Every structure is written in structure tokens, then in C-alpha cells.
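Q: I have a sequence and a model on my screen. Please show me how to read them, feature by feature.

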Amino acid sequence: MKENVKALFQPIRVGGIELKNRIVMPPMDTCAFNFDGTVTPKLMPYMRNRAKGGAGLIIQECADTSWPEGKNGPRELRMDVPDSITFLHDMTNVVHSFGTKIILQLNHAGFQSNPVNCEGRQSVCPSDFNGARAMTHEEVLKVIQDFIVCAYNAKLAGYDGVELHAAHGYLLNCFLNPAINKREDEFGGVIENRFRMVGEIIKGIREKCGYPFLISVRLGSVDNPGNTLEESVEIAYMCEQAGADMVNMSSGFNPPMDTNPTQWAQEGLYIPFSEAVKKKVSIPVAIVGKLKTPEFCADVIKNGSADLVCVGRQLLCDPEWPNKIMQDRINEIRPCLSCFDGCMGALLTRNEITRCSINPYVGFEDFQSENNVPKTAEPKTVLVVGGGISGMQFAIISARRGNRVILAEKEDHLGGQMLLAGLTPHKEAVLKALKWFEEECIRRGVEIRLNQNVDLDYVNTVKPDQVVLAAGAVFAMPPIEGIENAVNGADVIARKIETKPGQNVVVIGGGVAGAELAHRIVLEGGKAAVLEMLPEICRGGELFHTMLLKDYLEKNATVLTSVAVKKINPDSVEYEDADHVRHTIPADLTAVCAGQKKMGLGLYDQLLEAGYEAYRIGNNERAANFLNATRSAFELAYTI
Ligand SMILES: Cc1cc2nc3c(=O)[nH]c(=O)nc-3n(C[C@H](O)[C@H](O)[C@H](O)COP(=O)(O)OP(=O)(O)OC[C@H]3O[C@@H](n4cnc5c(N)ncnc54)[C@H](O)[C@@H]3O)c2cc1C
Ligand SMILES: Cc1cc2nc3c(=O)[nH]c(=O)nc-3n(C[C@H](O)[C@H](O)[C@H](O)COP(=O)(O)O)c2cc1C
Ligand code: SF4
């Protein structure tokens, strides 16, 4: 292990529990639960992999304390009844066998619980707020008991402790928050009263579960609206006084956007919060927030900015992050994109098991483990056509299964559209991930053949047993009058055609690629206009990135939606608005990002006709994103 990361691997005592290192996996919903709140078998292998990966402490995602009105989402663990205790006990045993400790986060979602998930019940809050009704005094006392009962059930299930979720705008956070909590009883008013509920829960859990049962409290350092950092520091101190063993500093009041740093945020953005808290409390302080670079995280510990680093999505993306650091294999870490597409997207838009855009094993650990790839009974020669992310992902698994894999790419480099994605603003991590895929291909013995266009003659020369068409798709040039006056947007994104400061650039097509290109043009001093035929731009893009992108472009570029481009002139573009009124907009350069055309479909037909076993994956099968590309590659690589 390198000297500059050693700080991460110092053991630490939290309350009465010894952690083997400073690396914490913070709570992240998996959706690995049934609608009735019982656990599914998916949780066990998911947790086994995270424990095996070397984290010192896992904080399991929020379980609901008060069923059903406290539910945050439709598929959440129910802890007020013992239904899942036996299974969970087996799971905590597995986690412990790797020397990792595990605590369970307990939560009541408060005003954020959705009546749809809660048998139609109105959500509750300390005071009337945002459609939620104020809780009665009896209800407050009942919820305090609910937390204590759930903590006891967690203890029975073998957890080393619990974390109270008092951040992100959920119920406990709302009690702490003076902007929301307007109660006039002993649970509202001055900070001591607003803290009373959390304090009573801490004391009740300690009494019921004894010592050393770890009690952590997750706090929102700066609530907007609500507590300032100074008030949160005071609350952290009150947690310590009430008997908590650690505080876990997060931020933001409105999840998910406020509380989860996007691709646009910088690494370690919340560190000033733990630094402030550490000046006041003597119990260990954890910090979160896009922490993923090993040396950076080690410095957080070395500098005393926090005692523990919560590494969230990076541990989803690569559970072996701690082991790889310890074993001096930092270059082998699969770098998280901070994109949310797979993980948060799974919850928010698809209500399915958590996934990862660039790690297809996530959520499917019950099907296959990346740690143990089974060899195929009959090794074959497999020709992969195209070195984009889908081709590389397929090649990596197929080679690990013992096949001879030839990856042929017509360009002089690998990457395909992944390279374009990495050349747009705030997406530098995509280039790091591309490097990882390239190097992983080499590590796994894939034969890479660059500058190799594949046609039927070439396939006949190689004589593979199987051909996998991962040839992707390219930006199409639609049949608009004057299209010869425009350039392909992909060439502009790839910087084969440069834009200049002050230039008027019209981007035809406001999908994610077009919008990102416009963003880059503006950042580099150009003037961008985005023309989109649909009523909105960025359709189909990841939720948070899209929101930020739309907002940026609306303020800094010309965005024209529901328009039809009619003619492209050498120095202007003519379009019709929704009322069929014709307009002309100046254009020093017109870049087309309007739709994609699949590559190699003719080759596919020829292959089938010639009797080859041929398959299509990634954009070649369905133009979508990294998630689709890696998943389709994964499924195929394990089934042929
Ligand atoms: C600007 C931009 C930003 C994006 N941002 C994101 C994002 O943030 N998140 C996300 O999930 N997705 C994003 N996408 C989409 C994502 O990049 C694609 O879905 C994904 O990269 C497709 O991968 P693929 O391997 O299927 O195809 P491709 O990347 O297109 O790869 C196909 C490869 O095959 C090669 N090839 C084609 N024909 C032949 C042949 N006959 N012989 C040899 N080689 C051949 C091509 O040269 C190419 O390298 C973005 C796309 C763009 C354009
Ligand atoms: C998919 C997903 C689910 C999450 N679920 C929870 C949760 O149950 N409880 C919680 O306190 N935070 C939750 N979070 C927030 C994370 O704990 C963490 O604060 C956030 O991901 C930022 O850390 P990172 O940048 O290291 O990923 C979730 C985050 C993600 C991405
Ligand atoms: S989906 Fe994106 S943000 Fe989530 S873990 Fe994977 S790479 Fe990271």
C-alpha cells in the first residue's frame, strides 16, 4: 500500500465498536425488497460483495420505522415487525465474516412519503407543510417508540447498530428544522425542543439495546430552508450528549437533487461541514459527497477534516475500491461517473433493483459475481465488431469465460460514442471510465485490432465461432433542404471541427448530445441556438443532469422547441414555429445532432445468410445509453 493512502486504513473505535478502516459505505436504496417490506434474496449477494470489497462499515439503506405512513418508496425494508429478521441475521453474519461492520439506517419519510406507497394515508410532519398534516402529540410519542422497536429488531438481526436518518428533509430532519417545525409543544420552538425527538430516540435505543450498540445520526449540515451550519454543529453536539456514538454529516433538505452531488459538483464539496462539527464534538464524524479519489479521501482523514469517509456511488460502481487501494491496484478501480443513471434512476424512474451504468453486475449479484466468472465448457473464437462500451464490456466478460476474443474497431482508438460523451462539459469521468474499459480489455487478454473495418470478407478470414455486432450507431444527416451547408454534430463534439469564440452556432436537435454540445460552445465563448422539434430538450437524459443542462441553456443560449427546420443556408437556418410562422436565425456554423443511424445492419444480414451465429448489442440493438450497452453485453456474454 502506498504511503499517501495509509490513513484510510487506520482502525478506529466508534463507541464500543472497532472498525478496521475509515471507509464507510453510506446508505443507498437498493429496492431489494418486496412491496410488503420483506427482504428479497437479492440483498445478500449485493451486501456480500460490498463487504468482501473491504469497506470498514456498511450503513444499510433506510428501513421504514412506521409502516406504512413512514415509507419513503414503494420497495423499502419494514423493520417494525420481525418478518425479515431471520434472513437479515444470515446476511449480517456474511458481512461480519469479512471483518466488516454493518448498521441499519432507520427512517420515517415524513412529508416526503407518498400516499400512493402508504395505503393512501396523508403524509405527516411536525407542522402542516407541503400537503402533510401536523402530527398529534400521541403520534410523536408513537414514532419515538417505533424507532426504538426497529432498533431492537435490528439488534436481533445481528446489526452492529443503527443510524437515525435526521437529514434530507425526512421526518427527524423536519423536527430539527425551525423553518418547518412550528409546534408549540415540547417538540417545537427552541433548539432543545426541536432536538427532543432525536434525543429521546437515542436515549431509548441505548436503554433498550445497550452498549456497544452503535448509534449514528445522519445530519443535514445546511438545510435550505432551515438550520444553518452553526445550528447543525450545535445539534451534532446534542447528539453526542444524548449518547450517540457518531455523527454522519450530509447536506441538503430536498432529496434527491439537493442531497446527491451531480456530475457538476466538485469532489468533497461538503468537507467544510465535517470540519466545523469536528471542532465541537469528540465522537467520530463521517463525511460524504462525491468522495472517490483514494489520495483525496486519505487526505480528508490525514488532515483531520473527518474521521470517516462515506464513499457512496463509487462503492456501488466498484465494491473492490478499498481492496484495490490496499493492494496498490488503484489504476484498476472502475471510476464512478456520478451520473445517477443506473443507481438513482433505478429508484426514481424505474422502481427496480439498483443498477450501475458502467458496472452491469450491480443488482444482479445473485445471477453472477464479478469476483468469480465461470469458465465456459467449450471455449470459442468470438469476433466482436466495434470497440465502443458495449463491445468492450462484452469482450471483457467473454475473455474471462475462457474464449478467444478478437475486438475489431475501424477507428484508430477504442471508445465509440463514449469518447464523444467524455468531451462534453462535466463529463471528464467518462474519459476515465473509457481508460478503465480499455485497460481491462488488455488485462483480460482481449486481442484488440484497431483500424480494422469488419466486413464479410474479414469475418471469413477470421472464421469465428460467433460474431457480436457492437457497431453502434452514428449521427444521421436528415434530408433537409441545404443539409450540405451543415456539419455532423459528432465531428464538432469530437473537435474534428472547431468552434470559435463569438461564433453563432445553430445546433439542430436538442437531445442530450445536442444540448451538451450547445453547453460546451457557450462555455467556450460561442453563441449557441438549439432547435428542437419536440416540446422540450434533453428528452430521455438522466434526470439531474438534464435539469441542470436545461436551466443553463435557458439562461445562456437560445432554446427553440416545437420548431421544424425547413432550410439550411450557408449563413443562416430557416425554421417554422408551432404556428407555422417562418423565421430565420443567423448561423456561422450549423451542427446536426438529430437522430442516429445504426451501423452494420447489412453486415448482420450477410452474416446470418452465410450461416454465422451472430448477435447485436448496445446501440446497435437499441440506441440508448451506457446502462443499456453494458447490460446487453453482460447478458449476452453469460448466455452464449
Ligand atoms: C455527446 C454524447 C453524450 C452522451 N452521454 C451519455 C451519458 O452521459 N451517459 C450515457 O449513459 N450515455 C451517453 N451517451 C450515449 C452513449 O455514449 C452510447 O449509448 C454508448 O456509448 C453506445 O455504445 P456502443 O458500444 O453500443 O456503440 P458505439 O459507442 O457507437 O460503438 C460502436 C463502435 O463500433 C465501431 N464500428 C462500427 N462499424 C464497424 C465495423 N464495420 N468494423 C469495425 N468497427 C466498427 C465504431 O467505430 C464504434 O467505435 C452519449 C452519447 C453522445 C453522443
Ligand atoms: C441510489 C441512492 C440511494 C440513496 N439512498 C439513501 C438512503 O436510503 N439514505 C440516505 O441517507 N441517503 C441515501 N442516499 C444518499 C447517499 O447516502 C450519499 O449521501 C450520496 O450518494 C452522496 O454520496 P456519493 O457522492 O459518495 O455517492 C442515496 C444515494 C443514492 C445514489
Ligand atoms: S450509475 Fe453512475 S453514479 Fe450510479 S454508481 Fe454507476 S456510475 Fe456511479
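The dialogue below goes through domains, ligands, a helix, a sheet and some backbone details.

Q: What kind of model is this, and how is it numbered?
A: This is a predicted model: local features need pLDDT of at least 70, side-chain atom pairs count only at pLDDT 80 or more, and totals for chains, interfaces and linings use all residues. Residues are numbered from 1 along each chain as its sequence is written, while chains are lettered from A and ligands numbered from 1 in the order in which they are written.

Q: Into which domains is the chain divided?
A: Domain bounds come from an automatic or database domain assignment. Here there are domain 1 (3–350), domain 2 (381–475 + 598–639) and domain 3 (483–594).

Q: How many residues does the contact take from domain 1 and from domain 2?
A: Two residues are in contact if their C-beta atoms, placed from the backbone, lie within 7 Å. The centres of domain 1 and domain 2, taken over C-alpha atoms, are 39 Å apart. Their contact takes eight residues from domain 1 and 10 residues from domain 2. On the side of domain 1 that touches domain 2, three residues are nonpolar, three polar and two charged. Nonpolar means Ala, Val, Leu, Ile, Met, Phe, Trp, Tyr, Cys and Pro; charged means Asp, Glu, Lys and Arg; the others, Gly among them, count as polar.

Q: Which residues come nearest to ligand 1?
A: A residue is near a molecule if its C-beta atom, placed from the backbone, lies within 6 Å of it. Ligand 1 has 41 residues around it, and G386, G388, G416, G472 and G618 come nearest. Two or more residues each come from α12 (389–400), α13 (417–422), α17 (512–523) and α20 (626–639). Helices (H or I, at least four residues) and strands (E, at least two) are DSSP runs, numbered from the N terminus. The largest share, four residues, is from α13. By class, the shell has 19 nonpolar, 16 polar and six charged residues.

Q: Why does ligand 1 lie between domain 2 and domain 3?
A: Both domains give residues to its shell, so ligand 1 lies between them.

Q: Which residues are closest to ligand 2?
A: Ligand 2 is surrounded by 25 residues, the closest being P26, P27, C62, G312 and R313. β4, α9 (313–317) and α11 (343–348) each give two or more residues to this shell. The largest share, three residues, is from α11. The shell holds 11 nonpolar, nine polar and five charged residues.

Q: Which residues come nearest to ligand 3?
A: C336, C339, G342, C343 and C356 do, out of 14 residues around ligand 3. Helix α9 gives the largest share of this shell, three residues. Nine residues of the shell are nonpolar, three polar and two charged.

Q: Which residues of helix α6 are buried?
A: An α-helix has 3.6 residues a turn, so residues three or four places apart point the same way. A residue is buried if 20 or more other C-beta atoms lie within 10 Å of its own, exposed if 12 or fewer, and partly exposed in between, with C-beta atoms placed from the backbone. In α6, the buried residues are S232, V233, I235, A236, M238, C239 and E240. They pack against α4 (171–176), α5 (191–209), β9 (214–220), β10 (246–250) and α7 (271–278). Just after α6, G243 takes a positive phi of about 115 degrees.

Q: What is the strand order in the open sheet of five strands?
A: Strands of a sheet pair through backbone hydrogen bonds, either parallel or antiparallel. Two strands pair if DSSP finds at least two bridges between them. The order here is β18-β25-β19-β20-β21, with parallel pairing. β18 (487–488) and β21 (558–560) are the edge strands, each pairing on one side only. β19 (504–508) and β20 (527–531) pair over five bridges. One bridge joins N504 to K527 in β20.

Q: Where are the cis peptide bonds from W67 to P68 and from N224 to P225?
A: P68 lies in the loop between β4 (57–64) and α2 (85–96), and omega of its cis bond is near 0 degrees. P225 lies in the loop between β9 and α6. There omega is near 5 degrees.

Q: Is E119, with its positive phi, buried or exposed?
A: E119 counts as exposed because it has 10 C-beta neighbours inside 10 Å. Its phi is near 50 degrees.
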